[in-house]
Amino acid sequence: MSAKIISGTETAKAIKEELKKEVAALADKVVPGLVTILVGEDPASQSYVAAKNKTAHALGIHSEQKTLDAETSEEDLLALVEKYNNDEKIHGILVQLPLPKHIDEAKVLNAINPDKDVDGFHPVNVGRMVLGEQCFLPCTPHGVLELLARSGVETSGAEVVVVGRSNIVGKPVANLMLQKREAGNATVTLCHTRTKDMDFHTKRADILIVAAGVANMIKADQVKEGVVVIDVGVNRIGVTESGKAKLAGDVEFESVKEKAAAITPVPGGVGPMTITMLMKNTVQSAKQFAGLA
Ligand code: NAP
């Protein structure tokens with residue numbers, strides 16, 4: 001058996017088409033606005049922020065990019081966040097992580113108005129998410145849910161195994177999968193580096209979600225026939241002939257796809273979904289501010 005490929009590129013394209021229409025239909029009431037704040041010159045962060053602005057622009061979302069030098073003080077950054085908290089044109093504030101070491105990341109993220117926290121990292125939104133209340137879902141876990149739902153994968157009653165317990169992927173995706181909701185209602189196991197027998201868990205997964213940051217760590221002999229695999233990992237394993245970064249997921253794609261019923265590739269799987277869900281959250285925020293949601 002060779003797996004169905006769950007394309008994040010295609011799914012993201014479909015969602016972006018829907019968003020573009022929604023933004024156009026909202027035009028006489030509200031123009032969604034997003035600001036991205038980047039501190040320093042980290043090349044990966046620069047390219048992430050550029051991609052976010054480009055996507056926003058393509059969808060008709062007003063987007064601003066603020067780039068601050070690496071020496072910017074925490075106080076100045078907090079003042080900028082506060083300025084955008086009070087800016088009526090802006091409905092989403094994204095502070096690109098990681099921040100330079102002299103800045104307290106948690107303090108900055110907590111300073112964002114939770115109603116403009118389109119990344120879904122503010123403790124208020126995390127709390128609302130855990131309680132199953134209306135909130136901005138964190139973008140990567142939200143993208144995983146959309147991929148499963150739009151690919152018609154039955155999650156209700158499924159054994160879902162998540163590898164990785166970070167605050168931005170593993171923990172929220174595990175939490176969402178167990179909630180009473182579409183792409184939820186699963187029985188969830190969360191694995192990490194202290195898990196005694198990882199294979200025991202991965203081998204009985206109906207749906208395996210891997211977010212560990214270890215290239216090709218999951219091999220074919222660690223999964224069962226017919227598993228659905230969502231590979232969140234993005235690992236740079238070298239450089240292509242054209243000088244671009246060569247990427248690998250956390251799952252050994254070529255061997256696992258022969259056993260799986262469905263699998264996401266890297267690149268072109270979860271990656272394109274993350275930015276798209278950021279745009280979805282920004283549009284949701286604008287509608288909420290305009291009293292339309
Ligand atoms: P992270 O903060 O480094 O967390 C990694 C988690 O994986 C930790 O909980 C760690 O366990 C666990 N882990 C690491 N090695 C393991 C092993 N050998 N066995 C079992 N568990 C192991 O990483 P992250 O931010 O969640 O990101 C994970 C991956 O997803 C990275 O490759 C990242 O680039 C990618 N990512 C992709 C997107 C996207 O848009 N596609 C977005 C975010 C992240 P401990 O807690 O015990 O240390």
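Student: What kinds of residues make up the shell around the ligand?
Tutor: The shell residues divide into ten nonpolar, ten polar and one charged. Keep in mind that this is a predicted model.

Student: Okay. How many residues surround the ligand, and which are the closest?
Tutor: There are 21 residues around the ligand. The closest are R165, S166, T193, V234 and T274.

Student: Let's take T193. What is the distance from its side chain to the ligand?
Tutor: An N or O atom in the T193 side chain is 2.4 Å from an oxygen atom of the ligand.

Student: And T274? What does its side chain do there?
Tutor: An N or O atom of the T274 side chain sits 2.7 Å from a ligand oxygen atom.

Student: What about V234: which part of it lies 3.0 Å from a ligand oxygen, backbone or side chain?
Tutor: The backbone. An N or O atom of the V234 backbone lies 3.0 Å from an oxygen atom of the ligand.

Student: How much of the ligand does the protein cover?
Tutor: On its own, the ligand has 920 Å² of accessible area. The protein covers 68% of that.

Student: Switching to helices. How do α6 and α10 pack?
Tutor: Helix α6 spans residues 139-150 and helix α10 spans residues 271-289. Their axes are 8 Å apart, at an angle of about 100°. The two helices are therefore roughly perpendicular to each other.

Student: Which residues meet there?
Tutor: From α6, it's C139, T140, H142, G143, E146 and L147. From α10, it's M273, T274, M277, L278, K280 and N281. That contact divides into five nonpolar, five polar and two charged residues.

Student: Now α1 and α2. At what angle do their axes cross?
Tutor: Roughly 55°. Helix α1 covers residues 8-26, helix α2 covers residues 43-59, and their axes come within 8 Å. So α1 and α2 are oblique to each other.

Student: And which residues touch?
Tutor: K16, L19, K20 and V23 in α1 meet T55, A58 and L59 in α2. Four of the contact residues are nonpolar, one is polar and two are charged.

Student: What about phi at A183?
Tutor: A183 is not a glycine, yet its phi is positive, about 55°. A183 sits in the loop between α7 and β6.

Note on methods. Residues are numbered from 1 along each chain as its sequence is written. This is a predicted model: local features need pLDDT of at least 70, side-chain atom pairs count only at pLDDT 80 or more; totals for chains, interfaces and linings use all residues. Side-chain values use heavy atoms; hydrogens and water are left out. A residue is near a molecule or strand if one of its heavy atoms lies within 4 Å of it. A polar contact is a pair of N or O atoms within 3.5 Å; within protein, one must be able to donate a hydrogen and the other to accept it, and residues adjacent in sequence count only if both atoms are side-chain atoms. Accessible areas come from the Shrake-Rupley method with a 1.4 Å probe; for residues, only the protein chains shown count as cover. Ala, Val, Leu, Ile, Met, Phe, Trp, Tyr, Cys and Pro count as nonpolar, Asp, Glu, Lys and Arg as charged, and the others, Gly among them, as polar. Axes are lines fitted to C-alpha atoms, for helices over the stretch in contact, and angles run from 0 to 180 degrees between N-to-C directions. Helices (H or I, at least four residues) and strands (E, at least two) are DSSP runs, numbered from the N terminus. Angles under 35 degrees count as roughly parallel, over 145 as roughly antiparallel, 65 to 115 as roughly perpendicular and the rest as oblique. Contact means heavy atoms within 4.5 Å.
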